[in-house]
Amino acid sequence: MNNPLFDPLILGQLRLSNRIVMSPMTRDRAGPGDVPTDLMVTYYRQRASAGLIVTEGVQPSAVGKGYWRTPGIWSAEQIDGWAKVAEAVHAEGGQIVMQIMHCGRVVVPANRGYEADIIAPSALPCPDKVPGPDGIPVATGTPRALSADELPALAEEFATAARNAVAAGIDGVELHASSGYLINQFLNPASNRREDAFGGSGANRARFPLMVLKAMADAIGGDRVGLRFSPGNPYNGMDPSDPADTFVPLLQGANALGLAYLHILDMQLKDLDSLAMARTHCSAPIIANNMLTAETGRALIEAGRADAISFGRAFIANPDLVSRLKTGAPLAKPDYSLLYTGEEKGYVDYPALG
Ligand SMILES: Cc1cc2nc3c(=O)[nH]c(=O)nc-3n(C[C@H](O)[C@H](O)[C@H](O)COP(=O)(O)O)c2cc1C
């Protein structure tokens, strides 16, 4: 029987040659000025047979940076660097969207290489430690609470990032609203203790995330914008206990924007079916993620629960993952000690078969 994993798919303006997506992965290989390097061009080119590549998290501004050697999309040099990445992926027939990731309070100041604000919905530090430049986890900096007056300009920074990505030839953008970063910090009651219109009820906590999504959709078209989220994900100090009251208004608001896709890091919760919730409240196509295999991913698509699936870790050591899944070839295992070294080794030296 035909395997739908290898069928083409249209997601808004995106044209996927198969339904196997590369999930976003931070790899700490940007150069001075947070500019994408030639190593990154090679890395993404090697993986261009994915139906769609989602880049690592990319900061929309200096303030959005929290980790070591992560790339940006606000300077002319960064845009030029990304243009080389987009060109390389397109030359191989692939499609690529950029994940826009603002760390909010999840910042180790020494990772930045410059002085900049640390911002969050409330002045509460991230309770989890985060790797510093040497890879050893340390306490994050204390954020200042954003005032409501600042929020429209902050949303506009995401819109500018989206425009810059498209100017670089990138096919679209994905808003990172999971894993405890700025957008998730607004959604989650553990990090959002605001008493204004942006805090309190689930609908209020979804207000700034929706302002950002709308600004991005207005900038480049909703059909070039994806939304990544993960109900029940406790990462970086999020309270996982009460997802639906926030995610339903988020999905309902997103539904009005005609998004290209929803990218769901599915925690497979006991009391909430995140994929079904997304289908109920938003008509955008779904990319499902988290610990999938070719078999479980195929089953999700055949059951109509997802339109495409994404793999993170499997793409690290298998640049030709799509062809390996097609032929049933064995998958190589990554060396996790080399994930964030900034070096060539463990990044672009995993060979394709044949
Ligand atoms: C090295 C590494 C870096 C990651 N960086 C990001 C990131 O920048 N943005 C994001 O949304 N998820 C990130 N993730 C999560 C992955 O995209 C994915 O959701 C996770 O690995 C689960 O999928 P898998 O089971 O197929 O690996 C990262 C995961 C890994 C292993």
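What covers the buried residues of α7? The cover includes α4 (182–187), α5 (202–205), α6 (207–220), β11 and α8. Those buried residues are T246, F247, P249, L250, L251 and A254. Here, buried means that 20 or more other C-beta atoms lie within 10 Å of a residue's own; exposed means 12 or fewer, and partly exposed is in between, with C-beta atoms placed from the backbone. Helices (H or I, at least four residues) and strands (E, at least two) are DSSP runs, numbered from the N terminus.

This is a predicted model: local features need pLDDT of at least 70, side-chain atom pairs count only at pLDDT 80 or more, and totals for chains, interfaces and linings use all residues. Residues are numbered from 1 along each chain as its sequence is written.

**The barrel**

A closed barrel of 8 strands runs β3-β4-β5-β10-β11-β12-β13-β14, with parallel pairing. From one strand to the next, the twist averages 25°. Axes are lines fitted to C-alpha atoms, for helices over the stretch in contact, and angles run from 0 to 180 degrees between N-to-C directions. Two strands pair if DSSP finds at least two bridges between them.

| Strand pair | Sense | Bridges |
|---|---|---|
| β5 (96–100) and β10 (172–176) | parallel | 4 bridges |
| β11 (225–229) and β12 | parallel | 4 bridges |
| β12 and β13 (286–289) | parallel | 4 bridges |

In β10, L175 is the bridge partner of I100. Helix α3 (residues 151–167) packs on the sheet and touches β5 and β10. Its direction makes about 160° with that of β5.

**Strand β12 and its crossovers**

H263 stands opposite R228. L262 has I286 of β13 as its bridge partner.

Two helices link these strands. β11, helix α7 (residues 244–255) and β12 make a right-handed β-α-β unit. From β12 the chain crosses through helix α8 (residues 274–281) to β13, again in a right-handed β-α-β crossover. Right-handed means that, with the strands pointing away from the viewer, the path from the first strand over the helix to the second runs clockwise.

Helix α7 has 12 residues. From its first C-alpha to its last it reaches 16 Å, close to the 16 Å expected at 1.5 Å a residue. The expected span is 1.5 Å times one less than the number of residues.

**E174**

E174 lies in strand β10. It is buried, with 29 other C-beta atoms within 10 Å. Leaving aside neighbours within four places in sequence, E174 is in contact (C-beta atoms, placed from the backbone, within 7 Å) with P24, V54, V97, Q99, I100, G226, R228 and H263. The C-alpha atoms of E174 and V21 are separated by 13 Å, and the two residues are 153 apart along the chain.

**Two positive phi values**

Most residues other than glycine have a negative phi. D34 is not a glycine, yet its phi is positive, about 55°. D34 lies in the loop between β3 (20–22) and α1 (38–46). D34 is buried, with 23 other C-beta atoms within 10 Å.

N290 is also a residue other than glycine with a positive phi, near 115°. N290 is found in the loop between β13 and α9 (294–302). Is N290 buried or partly exposed? N290 counts as partly exposed, with 17 C-beta neighbours inside 10 Å.

Note on methods
Two residues are in contact if their C-beta atoms, placed from the backbone, lie within 7 Å.
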